[in-house]
Amino acid sequence: MKVNGKHYRTVWLEGTSVFMIDQTLLPFEFKIFEAKTYHESCFAIRTMITRGAGAIGAAAGFAMAQAWNNVEVNNDPDLADKARYEIESTRPTARNLFYAVERVYNAGKISFEKAVNEAQKIADENIEEARNIGKFGNELIKDGFRIQTHCNAGWLGFVDYGSALSPIYIAKNMGKNIFVYVDETRPRNQGAKLTAWELKNENIPHAIIPDNAGAYLMSKGEVDIMIVGADRVAANGDVANKIGTLEKAIVAKQYGIPFYVAAPLSTFDMETPDGGSIPIEQRDEAEVFFQEGMDTSGRIRKIWVCNPGSATLNPAFDVTPAELIKGIITDKGIIKPNQKSIAKLFE
Ligand code: MRU
């Protein structure tokens, strides 16, 4: 995708540094973060400088490759296991992180060069997967459709194109007249800050809506389809995605609005039997207490938005049961969210 006329990937490797678009500064500032070591890449994943299942998968793969470089330079074979543990401890929910680390860990047992090639391959595959998701998902979007989405599952959340937003980009490029309702997605506002920034860059008509406005719009017949991303898809078709997704799926069912999930095969976890077995990340209460934004003089500020001294709870993801999902748009086609169709994908 292009920013100010220049093509960027969300995450990429140059030499032994991992570069990423710093998503904590968007939409107010566009800056690239350089992680020179795997520790710094872990820091970037943990603090959400880079985020979104595909992007953290790619970053984690590159981090594992950086670690294999250290193994070679320091001649310390134990370091690979230590690094793997450190990278896998950054964020627990998105399947792509574990998928990428495992592949690069195994490749690095042969050589550092193989590790780099594997990490690069994962990032490249991510682009291809997202493109295919866009192609299949576009078939669901009719001219004039109003589409609702949650969180950011665009090209910032993947290496390029995105998952849930990829069909929207293709529909727009094909000249379809579409409109996107963007859930703000508290507490970190990935919708209001990141999805809205992406859509604006692509000139796609959209409106940011408060998280609690979705049911109202659906009840008024204002939404034709809802498409969200996924952080992990269990073997039975249950889907973990950003907190708030479950509520939208329940409301969509109530009003007969087709609810779709977009996810590549690298987000499916055949070893997780159902949604109940997906680890749900509990994040810092500071994310609820404070909001960060730009004041009228152009300064980025963090302010309290809650009663100081109260307790908060901050689960980062929820699980939408398969029966609420009309279909999963994968890079191999649109499937029904059930054991049989999912198992078939991996034959
Ligand atoms: O906590 P985040 O911002 O890393 O959340 C992950 C997500 O971006 C979403 O849940 C998204 O919808 C699916 S991954 C592109």
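This is a predicted model: local features need pLDDT of at least 70, side-chain atom pairs count only at pLDDT 80 or more; totals for chains, interfaces and linings use all residues.
Reader: How many charged residues does the contact of helix 4 with helix 5 have?
Author: On the side of helix 4, the residues that meet helix 5 include Tyr99, Arg103 and Val104, while those of helix 5 include Lys114, Glu118, Lys121 and Glu125. Sorted by class, this contact of helix 4 with helix 5 has seven nonpolar residues and one polar residue, and the number of charged residues is five.

Reader: Is helix 2 roughly parallel or roughly antiparallel to helix 4?
Author: Helix 2, which spans residues 53-74, packs with helix 4 at an angle of about 25 degrees, and their axes lie 7 Å apart. Angles under 35 degrees count as roughly parallel. The direction of helix 2 relative to helix 4 is therefore roughly parallel.

Reader: How many nonpolar residues does the contact of helix 2 with helix 4 have?
Author: Among the residues of helix 2 that meet helix 4 are Ile56, Met64 and Trp68, and among their partners in helix 4 are Leu97, Val101 and Tyr105. By class, the contact of helix 2 with helix 4 has no charged residues and five polar ones, and its nonpolar residues number 11.

Reader: Is the crossing of helix 2 with helix 4 left-handed or right-handed?
Author: The residues that helix 2 brings to this contact include Gly57 and Gly61, and those of helix 4 include Asn96 and Gly108. Where helix 2 passes helix 4, the crossing is right-handed.

Terms used: Residues are numbered from 1 along each chain as its sequence is written. Side-chain values use heavy atoms; hydrogens and water are left out. Contact means heavy atoms within 4.5 Å. Helices (H or I, at least four residues) and strands (E, at least two) are DSSP runs, numbered from the N terminus. Ala, Val, Leu, Ile, Met, Phe, Trp, Tyr, Cys and Pro count as nonpolar, Asp, Glu, Lys and Arg as charged, and the others, Gly among them, as polar. Axes are lines fitted to C-alpha atoms, for helices over the stretch in contact, and angles run from 0 to 180 degrees between N-to-C directions. Angles under 35 degrees count as roughly parallel, over 145 as roughly antiparallel, 65 to 115 as roughly perpendicular and the rest as oblique. A crossing is left-handed if the near helix is turned anticlockwise from the far one by less than a right angle, and right-handed if clockwise.
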